[in-house]
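Look at the sequence and the model first.

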Amino acid sequence: MVNDNSYVECLVESKASPVITFLKYLSIFFAVVFFIAAFLLGFGIIGLILCVAAGFAYHFAALNANIEYEYQYCDKEISVDKVLNKSSRKHVGTYSVEHIEAMAPSRSYHLDEFKNKTYKISDFSSKNKDAQPDPTYTIYYDGKDKIIFEPTEEFVAAVKAVAPRKVFTD
């Protein structure tokens, strides 16, 4: 029997932190200041080197200001990729459904038994704290990891079809 939910993917745009946005504008400001200082104030080669360094800082801040997470479910595995500035993709992790201890909405009572343990937290959500109702799900994985993400209903249904006793949708 072929299941039509054997491959599901979804894309979530993450909100940039205010620090990254501030660093982006600060670095472009310093690039302009150092460029002007190199030619008008006599800083010469030092000013140009600082201008290039500020330009690189702007490039990396701009990459991290526009982040999307792509979740893929295929063959009992959840794969998470981080897309930087809609151009560069970085694989963040692969999680086997067999090692999931529990997956439920982040505010679910099903996750209460895991609250007093220490986990490595990975947040792959949009980081929008004002969304109502809360769209985030939490996965407790292999006794070590706590993964927060925002799957679609189809994504949750696909994982629940494979592990119905571990996935809760309350």
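Q: Where is K86 found?
A: This is a predicted model, in which local features need pLDDT of at least 70, side-chain atom pairs count only at pLDDT 80 or more, and totals for chains, interfaces and linings use all residues. Residues are numbered from 1 along each chain as its sequence is written, and side-chain values use heavy atoms, with hydrogens and water left out. Strands are DSSP runs of E, at least two residues, numbered from the N terminus. K86 is found in the loop between strand 3 and strand 4.

Q: Is K86 buried or exposed?
A: Buried means under 20% relative accessible area, exposed over 50%, and partly exposed in between (1.4 Å probe, protein chains only). K86 has a relative accessible area of 58%, so it counts as exposed.

Q: Which residue's side chain does S126 join in a polar contact?
A: S126 sits in the loop between strand 6 (120-124) and strand 7 (137-141). A polar contact is a pair of N or O atoms within 3.5 Å; within protein, one must be able to donate a hydrogen and the other to accept it, and residues adjacent in sequence count only if both atoms are side-chain atoms. At 2.6 Å, the side chain of S126 is joined to that of E150.

Technical notes. Helix = DSSP H or I, 4+ residues; strand = E, 2+ residues; numbered from the N terminus.
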